[in-house]
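Trainee: I've got a new model open on my screen and I'd like to learn how to read it. Could you walk me through it?

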Amino acid sequence: RGQALSEVIRLNQIGYYPTAAKIAVVVGTVEGPFQLMTSDLKKVVFTGTLGTARQNVISGKTTHSADFSTFTKAGTYVVVIPGLGHSYSFAIRPNVHRDVAIGALKGFYYQRASTDLPTKFAGKWARPAGHPDNHVLIHPSAASASRPEGTTISSPLGWYDAGDYNKYIVNSGITMGTLLSLYEDFPAYTKSLPGNIPESQNKLPDLLDEVLWNLRWMLTMQDPADGGVYHKLTNARFDGMIMPDSAVKDRYVVQKSITATLDFAAVMAQASRIFKPYNRELPGLADSCLSAAVNAWKWAKANPNLAYNQNAMNAKIDPDVVTGGYEDRDASDEWIWAAAELYVTTNDDTYYTAVNLFPDDKTPLPSWAKVRTLAYYTLARSAKSLTAIGKKQLPLVKRHLISMADSLIRGADKQAFQTVMGKSAKDFIWGSSAEAANQGIALLQAYRLTDAPNRRQYLHYALGNLDYLLGRNAVGYSFVTGFGSKPPMHPHHRPSVADGIDEPVPGLLSGGTNANAARQDKCAGYTTTLADEVYIDADCSYASNEIAINWNAPLVYLATALEALQSE
Ligand code: 9MR
C-alpha cells in the first residue's frame, strides 16, 4: 500500500497487554480515521477515529490519540494514518514487557565492578575485569586515627554508578531500596525473573544475587571504628572514554557524610529482613546488615551536621576530587527513611519516635536526594507487622500515598501524550526518565496499598508511564538501550563507547529529556529548547543521554511490577 514509516506516530515500541489500554499519539494536526494493520501491512485488523485535539502545554504542539484499547487479539502490528504513514511495529500479547524487565535487571550485571564479564553471561559485551578496588586510598578528608591518610582499605565489588566508573553510596541508597522493595512487593513474580548471571544456579532469586553484589561493596564502606560511612569511592577526576580494565587511576574513599550514612542504614536495615530467610545460604549476613545499620544510625546521631560539600573539601584538602557530588544539605528525609526501615526490621518503637516521620503533608517523588516517601512505602507495605504505634498512623501513611497519586493523575488525560509524565516542564530534569519511572512506582504503591476510589486509574497511568519510556513521548525514542525500534545507540556510558561494538550495552535506561542539558554538558547537537524535546542520542550528552543505576532500578521495578499485575 505504499505506506512509509512515520515518526510522528508515537507509541510503546515494545507493545501492549491484550486487556489493557492501547494508545498511540500522533503529533500534528491530522484528523480522521486510523487503522491497525498487521506488521506486514497486508491486513487491516481494526479501524478507529483519531481523538480530539490535545494541546501540549510545553511546546504548544497539537496531538491526537489513536485509541485501539478494544482490540485484544495477540499479534504484531503497526498503526497506520492514511496519507501519513505507519508506526514502528509492536506486539500485543501477554507478558509483553517481561523481556524489558529481565533486560533492565541484567543491566546491573553489566555495571559490575571488580569482575570479568564472560561471554557466557555478557554475550558480545564480554569484557575483562576492571577496578579490583582492593587498595583504595584513604583520602585526607577521610583520615582517622585507625585509618590515617595514605593507608588503604579493600572495597571491591559494587556497581559502577553510571557512565562513569565511580561508586557512590548516596546513589546506591535509593537504587538498593528500590530493588529490595520490588522483592518485598512481588516476591513470587520476582523469584521467577531469570538473570542469566553467574549465580543463577544458587538458591537465591537472581534479583537478590544481583543486589548482593552491591550490598557487599556497601558493607566495606563503613568504618568499623565508628559506624560512619564514606560518601563515595572514586577517582580524583573522571576517566576518558576507556574500558574498565584500562581505567587504573588511584581510587579514594572520601569523608563520611550524614546522607551516605543514613541511606546506608536504611538499606542495611531493609536488607537484613530480606536476607534473614536465607541464613543457611548466607550465614550471618542478615545479622551483619542489622548491626551495620544500627552502628550507622549511632554515628548519624553523633554527627548530624556532616554534610558532603565537595567545594569546601577541595578548598582545604588535596587532591581535589571533582567527580559526582551527590550533595544534599537537607538530611531530614534520610532520617525519616532510615528510621522507618530500622523500625520495621526491629519493631523497636524508639526508631519510630526518634524523628518526626510526618513533618508536613508533602509526599515528595523519590529521587536520590529525596527519600522520605520510601519510608511511607515501607510502612504501608509492612502494615500487618507494625507495632501499635505504627498501626495507629497507617491511615496517615495511606493519605500521603493517595494524595501523591491523585495529584499525579490529575489532568493526565489532557496531557499531550496522555501520560502523567510531562504534565509540566518541571518533569524534564537531569534523569527525567527516572522521574517517569518513579511516578509509575508511586502510582503502583497507591494502587496496591490503599483502597482509594481512583486506584484503577493509578494502575492505568503507571502503565502509561512505561509507554512513555518505551516511545510514547515528545522525542519518539524508546529510552532503553536494546529495546524498541528507536532506542539510544550512543549513551554516555564508557564501556558502550569504548568496546568497539556498534550496539550499546543493553538494558540501560537513558536519563532522557532534560530542559537544561545543553547548558549542563555543552555537547554539540541540541536543536531545540522546548523542555520536553531536549534530548540527543550522543555520547557527549551526559545530561540527557547518560545511564545510571538509580534510573535503571525504577525501570526494573515498573516493568516487573506491571508484568506481575498485568491481569488485574
Ligand atoms: O543524577 C544526578 C543528577 O540529579 C544531578 O543533577 C547531576 C549533576 O550533579 O548528577 C547526576 O548524577 C551523576 C553523578 O553525579 C555522577 N555519575 C553520573 C550521574 C548521572 O549523570
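This is a predicted model: local features need pLDDT of at least 70, side-chain atom pairs count only at pLDDT 80 or more; totals for chains, interfaces and linings use all residues.

Trainee: Is Tyr-168 buried or exposed?

Mentor: You count the C-beta atoms around it, and 20 or more within 10 Å means buried. Tyr-168 has 27 C-beta neighbours inside 10 Å, so it counts as buried.

Trainee: Which residues is Tyr-168 in contact with?

Mentor: Skip the neighbours within four places in sequence, and you're left with Asp-161, Lys-232, Gly-324 and Tyr-326. Asp-161, Gly-324 and Tyr-326 also turn up in the list of residues surrounding the ligand.

Trainee: What does UniProt list as "active site"?

Mentor: The unreviewed UniProt entry lists His-492, Asp-537 and Glu-546 under that name. They span 55 residues in sequence, yet no two of their C-alpha atoms are more than 9.5 Å apart, so they gather at one spot.

Trainee: Where do I find His-492?

Mentor: Look in the loop between α15 (455-469) and α16 (494-498). His-492 is buried, with 26 other C-beta atoms within 10 Å. Not counting residues up to four places away in sequence, His-492 touches Gly-163, Asp-539, Ser-541, Tyr-542, Asn-545 and Glu-546.

Trainee: And where is the place of Glu-546?

Mentor: Glu-546 sits in the loop between α17 (517-521) and α18 (549-564). It's buried too, with 25 other C-beta atoms within 10 Å. Its contacts, leaving aside neighbours within four places, include His-492, Pro-491 and His-493. Ala-162, Gly-163 and Gly-511 are in contact with Glu-546 as well.

Trainee: Which residues does a cis peptide bond join here?

Mentor: Asp-318 and Pro-319, with omega at about -5 degrees. Pro-319 lies in the loop between α8 (310-316) and α9.

Trainee: What is the phi of Tyr-326?

Mentor: It's near 40 degrees, a positive value in a residue other than glycine. Tyr-326 lies in the loop between α8 and α9, and it is buried, with 23 other C-beta atoms within 10 Å.

Trainee: How about Asn-95: buried or exposed?

Mentor: Exposed, with 11 C-beta neighbours inside 10 Å. Asn-95 has a positive phi of about 60 degrees although it is not a glycine, and it lies in the loop between β10 (90-92) and α1 (98-110).

Trainee: Now zoom out for me. What does the domain assignment give?

Mentor: Domain 1 covers 9-92, while domain 2 is made of 98-475 + 547-564. Their C-alpha centres lie 36 Å apart. As for how they meet, 16 residues of domain 1 are in contact with 14 residues of domain 2.

Trainee: Which strands supply the side of domain 1 that touches domain 2?

Mentor: β3 (23-27) and β7 (62-67) each supply at least two residues of that side. By class, the side of domain 1 has seven nonpolar, six polar and three charged residues.

Trainee: Which residues does UniProt list for the glycoside hydrolase domain?

Mentor: The unreviewed entry gives residues 104-558 for "domain: Glycoside hydrolase family". In the model, the end C-alpha atoms of that span lie 10 Å apart, and the span is 43% helix and 3% strand.

Trainee: How many helices and strands does the chain come to?

Mentor: There are 18 helices and 15 strands. The radius of gyration is 23 Å, close to the 24 Å that the globule rule gives for 568 residues, so the chain is as compact as a globular protein of that length. Along its principal axes, the C-alpha trace spans about 75 × 55 × 45 Å.

Trainee: What share of the residues count as buried?

Mentor: Of the 568 residues, 55% do. And among contacts between residues at least 6 apart in sequence, 70% join residues at least 24 apart.

Conventions: Residues are numbered from 1 along each chain as its sequence is written. Domain bounds come from an automatic or database domain assignment. Two residues are in contact if their C-beta atoms, placed from the backbone, lie within 7 Å. Helices (H or I, at least four residues) and strands (E, at least two) are DSSP runs, numbered from the N terminus. Ala, Val, Leu, Ile, Met, Phe, Trp, Tyr, Cys and Pro count as nonpolar, Asp, Glu, Lys and Arg as charged, and the others, Gly among them, as polar. A residue is near a molecule or strand if its C-beta atom, placed from the backbone, lies within 6 Å of it. The radius of gyration is taken over C-alpha atoms; the globule rule is 2.2 Å times the number of residues to the power 0.38. A residue is buried if 20 or more other C-beta atoms lie within 10 Å of its own, exposed if 12 or fewer, and partly exposed in between; C-beta atoms are placed from the backbone. UniProt positions are given in the numbering used here, feature names are shortened, and annotations may be inferred rather than shown by experiment.
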